[in-house]
Structure formats: C-alpha cells, structure tokens
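The following exercises concern a structure of two chains. Please work through each task before reading its solution.

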Amino acid sequence: MISVQKVHKVFNKGKANQVDAIQGVDVGIGEKEFLVIVGSNGSGKTTLLNLVAGSILPTSGSIHIDGNDVTKLADYNRSEWIARVFQNPLSGTAPDLSILDNFRLAAIRTKPKGLSIGINDGFKKLVKDKISTLGMGLENKIEQPMGTLSGGQRQALTLLMSVMDTCKVLLLDEPTAALDPKSADVVMKTADKLITDFGLTAILVTHNLKEAYIYGNRIIQMAEGKVLRDMDKEKKSTLKQNDLYDWFG
Amino acid sequence: MDLYLSALVQGLCLSGIALGIFISMKIFNIPDITTDGSYTLGGVVTAKMLVLHQPVFVSLPVVIVAGALAGALTGLIHTKLKINALLAGILVMTALYSVNLTLMGRSNIPLINTSSIFTLLNISADPNHNTFLILLVFVALVTLIIGYLLKTDFGIAMRATGNSETMIRALGVNTDRMKITGLALANALTALSGFMITQFQGFADINMGIGIVIVGLGSVIIAETLINWFRITSVWISLLFVLSGAIVFQFVLAFTLSLGVNPNLLKIVTAVFVLLIVSLPRLSASFKNPS
C-alpha cells in the first residue's frame, strides 16, 4: 500500500544548523498493516510520517501510495488516500466551526468542495448516528462549535471524521500525547476498532510504549534518521512489554 | 437629505467594505488593507463606465472583476512569494493609486447628466427614499449571495481555511488557492462599495479611499463585539451584525458632526471610536476584576 524508497530528508541544507532528519529509509507497508513507529526525540519518526502525508517533501528518494507515485504531491493532493489525526487535538479540527461543519468537510475529503449546500437532514442524521457509536453523548451537540469539546472528545471525533469518506491510509501522529490516560485509552480503542472495521492501512507514531506494545501488527524503531529495528506480526507477538523498554535503555 | 437618512444610506453603501473586511479578517484571518486601493478602483471604474454611458449590467461585472483582480494580486503575493499579508496589501494598494490615476486621467471625475443605479428604478416619488430603497435591495441581494456562499461546502472550506489550516489541508483543500479566492472576493465586495458611493455622491476622486479601511475594520469590530456578546454561531446573524456595524459606524460619525465637531477632526474621532470598541471588552473586564 505504501512504499518508501531510499528517502532522505535534509533540513537547512548547507547551513550551520543542517539536520539530516531521514537518512536513507526503505519501508514497504502492506495493505491492512498497522505499523507502529517508536523512537527517541529527533529519531525522525514524525518526519517520516510527514513525508508520507506530504506536509514535507523528500530531498531524494520516492514515495508510492496504492501504486501511485506521490513523491512530489502536496499534502492536499494526497487526501484521496490519506486521513490524518494530529498530536495536537486543535490541528485535526476547526474549533470555530460546528461539529456538523467539521464532519461535512471530512465527508467530502476526496471530493471537490462545490457551491451547493451539502448539509441536509439526511446528513445530520448520518452524523448523529456515527457520533452515537462513540457513546460520549455528543450526538445532540452537533451544532456546537468544535472548540467547546475536550481534547479527548475532539481526537475521537477526528478519528470518526477520517472514515466519513473513502479512506485507505490512516496516519496517527502521537494522537494521545496531549490526553489524560482515560481519554487516551478511549481514543486508541476507537482507532483500533476503525482500522479493523474499515480494513485500513495505518501508521501510528508514539512515545507511549504500552500503546506500541498493545496495538499494531508490526513495529519499527527509528534512531538518527534510520530504521534500527523492524519486527513483523510474528516477531511483534512474541515481544514483551519490557523488551520495548530495553530498546531505549 | 436629512443627516441621519444620509448616514443610513452611507452605511449601506459602505457595507460592501464591511463584508469584505469580515471575509478577509474574520474568515481568513488575514489583515488585508488592499481595501483603500480597491475601493477607489471600484469608484473609478464606475465613474469611467458611467461617463462612457455603459449600462449597469456591464459596469457592475467590470467593477466586481476589477476589485477581484486587485484582491487576487494581494493573495498571490502573500501566498506564492510568502510576503506578509499586511505588506502585500500595502504594495497592491500603493500600486493601485497609479492605476486609478491613469484610468481617470485626472484626479476627479464628476458625474453630471449620467444615469446611475438610483435612476434605474422609481420605487418612491421622493428621490432620497428611492435611493435608500434601491440600496437596501442591492445590499440585501449581496448579503444573500454571501450568506448562501458561506453555507455551501465551498464556504465551509473557506471558513476552515482561516480557522485550522492543517486540518483543511489534510482534508484536500489547496489553502493557497483558497486564500487567493477569498481575498479576491473580499476586494470585489470592497469595489462594490466604491461602485455604490460613487453613484450616490456623484463623483469619483483619487483620494476617496484614503483611510477607508478603518470603516470596514470598525464595522467588523462592532459586529464581532455583538457576536461574542450574544455567542452567535449563525452565519446569517453574523452577516446582519456586520451590516448593522457599518450603519452604526456612520450614525456615530453623523452624530459627532451634528454636535458641531470640526469636520477636520472626523478622522481622529473615527480612530478614537474604533479604539473604544476594541478596548471595551478588556476595559469592562478590568473594571469588574481590578487587580
């Protein structure tokens, strides 16, 4: 589904503050694979995720998604395949827009945003039904601005929004880093359920080793812009949580 | 014309600027001051078209396109060359001064014995009421179009662009193109104000736009205060508040003049008035919680 080949990313090339964030990464991610990426700060894991998302473009190498060469495509041109959840709950939603407006935009992620009114009674009912599956009681608040909700509620809604339109790849950039343990648990369980139910290919970047242990069917450890360890489903299932802590020892 | 009816009519004429600033400042979060130039451009193009005896269905689209081009230029400079929006606006505004002067060929075009939108229809026998009614219908139509636009999928994407750029890019919107479109729309509305005021006052002048941006800012800030006060989320009510803001603003100026204040001091009164509205929420908060 996703193929990253010989990718390098250099920031501030030729200047005193040059950073070689990604130094020759080759990763192939199969369909319905749920890849977890761990690594210390500055290891390049978020940069790699942003390269796949298209927020930044590689210095060299190529990136393919679903057989399409997307190396030079901007992030907004990759939304055809990719939905994202950000570390900051504020980034994944528009706070001043109503929940309903946010969902409308998500529902037309892969389509042009035209000059017709897309929010009708049918759409409102659809959104209410979807939101009620979260069991947070938010289905009666769809006219409220998104900004009135808590971070956990917003992350959960962002996840739901990602499957409002056809979605193949879900990118999760430390989605629980800003949340309390209970909300984090709800968000990760929702993510895992959606990934299974919709057969998504997913990448989760996380600092939380417990999450890295529980979720996903493949794990990669990155260090200094390179892939240090790569464990497939079989190896990951034999992995113990303490082994993960040892990686950072 | 009665001072307050005159203020009302002026408020309606200037509501285009208010709507334009509402779009650039509140929806896109971009401080755009192309306004001074695009307002004059609207007026100049209108005067030129009227002198050439062009009918309104020709002059109106030309004015809209002229304003939109000015805004799109600011948008292009801001997004593609990554120039600060304020500076991009100043650059285009400055350049427009020469464009306007060249278009007019002199600094002032009086409109004598030319038709206008106000002679198009005779709704009321009293010409002043007629002017007011025609403007009311025109402004209502413009507001309806903008309100509808903001409710469409495109409009929601516009609102999201100014609110959460990372989100809307992830949802497949080219934010650069959206900002250029938004600034084009905002300045087309501003040019419409130039269109209306030129026909109302019967002349276009190269200096008519100097400091006009404050009218839009003041109107939007009045509207914003009301919107926050009443916790308004409806697009329609927000737009109505912006229109009211434009009218209230002119009433305050008319009232100041009626008190016998020297017209030379009008700009300082305007500035102080806007300062007052901006600082009102803070001032009232610090009176309640002195610390």
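Two strands count as paired if DSSP finds at least two bridges between them. Helices (H or I, at least four residues) and strands (E, at least two) are DSSP runs, numbered from the N terminus. The model is predicted: local features need pLDDT of at least 70, side-chain atom pairs count only at pLDDT 80 or more, and totals for chains, interfaces and linings use all residues. Residues are numbered from 1 along each chain as its sequence is written, while chains are lettered from A and ligands numbered from 1 in the order in which they are written.

**Exercise 1. The sheet of chain A**

Task: Determine the strand order of the open sheet in chain A and identify its edge strands.

Solution: 
- Step 1. The open sheet has 6 strands in the order β6-β7-β8-β3-β9-β10, and its pairing is mixed.
- Step 2. β6 (82–85) and β10 of chain A each pair on one side only, which identifies them as the edge strands.
- Step 3. On average, neighbouring strands are turned by 20 degrees against each other, direction ignored. Axes are lines fitted to C-alpha atoms, for helices over the stretch in contact, and angles run from 0 to 180 degrees between N-to-C directions.
- Step 4. Helix α4 (residues 151–162) of chain A lies across β6 and β7 (169–173), running at about 175 degrees to β6(A).

**Exercise 2. The interface**

Task: Describe how α2(A) meets α8(B) and what α2(A) contributes to the side of chain A that touches chain B.

Solution: 
- Step 1. The axes of helix α2 (residues 99–107) of chain A and helix α8 (residues 153–163) of chain B come within 10 Å and cross at roughly 110 degrees. α2(A) is therefore roughly perpendicular to α8(B), a class that covers 65 to 115 degrees.
- Step 2. A:D101, A:R104 and A:L105 meet B:D153, B:I156, B:A157 and B:A160 in this contact, where contact requires C-beta atoms, placed from the backbone, within 7 Å.
- Step 3. The contact between the chains takes 27 residues from chain A and 20 residues from chain B. On the side of chain A that touches chain B, α2(A) supplies the largest share, 4 residues.

**Exercise 3. A helix of chain B**

Task: Decide whether α2(B) is mostly covered or uncovered.

Solution: 
- Step 1. A residue is buried if 20 or more other C-beta atoms, placed from the backbone, lie within 10 Å of its own.
- Step 2. In helix α2 (residues 15–27) of chain B, 12 of the 13 residues are buried, and the helix is mostly covered. The buried residues include B:F22 and B:M25.
- Step 3. After α2(B) comes B:N29, whose phi is positive, near 65 degrees.

Definitions and conventions: Parallel < 35°, antiparallel > 145°, perpendicular 65-115°, else oblique. Contact = placed C-beta atoms within 7 Å.
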